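Notebook open, structure loaded. I'm jotting down what I looked up, in the order I looked.

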Amino acid sequence: MSAIRASFSVDPTSDSLMAIRFERELQEAAETRQQQLEGLTSAEADEVTRAQREALNQVLLEISAARQRLAEGTFGSCTGCALSIPVERLEIRPWSATCVSCARR
Ligand SMILES: [Zn+2]
């Protein structure tokens, strides 16, 4: 990650810095997948393409839910057990809604 450009003033707590950072990452992740999705639309509707499209749409839904949680201030809490999701997990997959043990359930 390069430096975060904050064009508006924020409460300089680590929580809001984390929120800005993940908001940007989620936005970039959504844009990337949106582009991939657009690249697929002209392709033949074969099974592989359909599966790719479904997977991309699924992640886009999860990203949009994660941005909703960011807006509501619940981002980073597991939707299963309400414990904090480890930052390492969020760095790999910022749209994670659950901690590892809830994801395994
Ligand atoms: Zn959990």
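Burial first. I call a residue buried if 20 or more other C-beta atoms lie within 10 Å of its own, exposed if 12 or fewer, and partly exposed in between, with C-beta atoms placed from the backbone. On that count, 10% of the 105 residues of the protein chain are buried.

Ground rules. This is a predicted model, where local features need pLDDT of at least 70, side-chain atom pairs count only at pLDDT 80 or more, and totals for chains, interfaces and linings use all residues. Numbering starts from 1 along each chain as its sequence is written.

Confidence. pLDDT is the predictor's confidence in each residue, from 0 to 100. The protein chain averages 86, and 83% of the residues score at least 70. I flagged residues 6-12, where pLDDT stays under 50 and the model has four contacts beyond four places in sequence. For contacts I use C-beta atoms, placed from the backbone, that lie within 7 Å. Where pLDDT is low, the predicted coordinates should not be read in detail.

Layout. Helices (H or I, at least four residues) and strands (E, at least two) are DSSP runs, numbered from the N terminus. I get four helices and zero strands, in the order α-α-α-α from the N terminus on. Of the contacts with a separation of 6 or more, 46% join residues 24 or more positions apart.

Helix 2. Just after helix 2, G73 takes a positive phi of about 85 degrees.

Core. Which residues make up the largest nonpolar core? I list F22, L26, I63, A66, F75 and W95. A nonpolar core here is a set of buried Ala, Val, Leu, Ile, Met, Phe, Trp, Tyr and Cys residues joined through C-beta atoms within 7 Å. Leaving aside neighbours within four places in sequence, W95 is in contact with L26, A29, V59, E62, I63 and A66.

Two residues of helix 2. R67 sits in helix 2 and is partly exposed, because 18 other C-beta atoms lie within 10 Å. Beyond four places in sequence, R67 is in contact with E23 and L26. R67 and P94 are 27 residues apart in sequence but 9.6 Å apart, C-alpha to C-alpha. T49 is also in helix 2, and its 14 other C-beta atoms within 10 Å make it partly exposed. From T49 to L37 I read 12 residues in sequence and 9.7 Å in space, C-alpha to C-alpha.

A82 lies in the loop between helix 2 and helix 3 (87-92). Buried or exposed, I wondered, for A82? A82 is exposed, because it has 10 C-beta neighbours inside 10 Å. Phi of A82 is near 70 degrees, a positive value in a residue other than glycine. Most residues other than glycine have a negative phi.

Record check. In an unreviewed entry, UniProt lists residues 78-102 as "zinc finger region: dksA C4-type"; positions are in the numbering used here, feature names are shortened, and annotations may be inferred rather than shown by experiment. In the model, that span is 36% helix and 0% strand, with its end C-alpha atoms 8 Å apart. UniProt also lists residues 73-105 as "domain: Zinc finger DksA/TraR C4-type" (unreviewed entry). Over residues 73-105 I find 33% helix and 0% strand, and the end C-alpha atoms are 25 Å apart.
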